[in-house]
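Dear colleague,

Please find below the structure that I am handing over to you, followed by a summary of what was found in it.

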Amino acid sequence: MIRPDSRPLYILVKEKLDEQIDDGTYQPGEQLPSEAKLSENLGVSRATLREALRILEKEGKVNRRQGVGTF
């Protein structure tokens with residue numbers, strides 16, 4: 001669960017996913033859980049999660065493939 005502060009929630013979600021990537025929760029090339037599962041685990045809406053993933057993709061930290069998943 002993410003605890004909100006003054007920053008937008010999608011930024012907090014992005015930072016949490018960044019931490020999980022950096023600490024080895026998700027290995028390079030490994031498929032992340034589905035959007036539904038990730039949003040449930042993080043306690044946020046899928047729209048919020050998608051915005052966080054969009055930023056991570058723009059930064060080159062994840063690779064999203066439509067119909068396949070996020071890696």
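At 40% relative accessibility, Gln31 is classed as partly exposed, because that class lies between buried, under 20% relative accessible area, and exposed, over 50% (1.4 Å probe, protein chains only). Gln31 belongs to the loop that lies between H1 and H2. Not counting residues up to four places away in sequence, Gln31 touches Val68, Gly69, Thr70 and Phe71, where contact means heavy atoms within 4.5 Å. From Glu15, 16 residues apart along the chain, Gln31 is separated by 18 Å between C-alpha atoms.

Please note that this is a predicted model, in which local features need pLDDT of at least 70 and side-chain atom pairs count only at pLDDT 80 or more, while totals for chains, interfaces and linings use all residues. Residues are numbered from 1 along each chain as its sequence is written, and side-chain values use heavy atoms, with hydrogens and water left out.

As to the overall fold, the protein chain has three helices and two strands, in the order α-α-α-β-β from the N terminus on. Helices (H or I, at least four residues) and strands (E, at least two) are DSSP runs, numbered from the N terminus. The radius of gyration of the protein chain, taken over C-alpha atoms, is 11 Å, close to the 11 Å from the globule rule (2.2 Å times the number of residues to the power 0.38) for 71 residues, so the chain is as compact as a globular protein of that length. The C-alpha trace spans about 30 × 25 × 20 Å along its principal axes. Of the 71 residues in the protein chain, 34% are buried.

The largest nonpolar core consists of twelve residues, among them Val13, Leu17, Tyr26, Leu38, Leu49 and Val62. Such a core is a set of buried Ala, Val, Leu, Ile, Met, Phe, Trp, Tyr and Cys residues joined through side-chain atoms within 4.5 Å. Two or more residues of this core come from each of helix H1 (9-22), helix H2 (35-42) and helix H3 (46-58), and H3 gives the most, with four residues. Leaving aside neighbours within four places in sequence, Leu49 is in contact with Val13, Leu17, Glu35, Leu38, Ser39, Leu42 and Val44.

Finally, the charged end of Arg65 sits over the ring of Phe71, 4.2 Å from its centre; the criterion is NZ of Lys or CZ of Arg within 6 Å of the ring centre and within 35 degrees of the ring normal.
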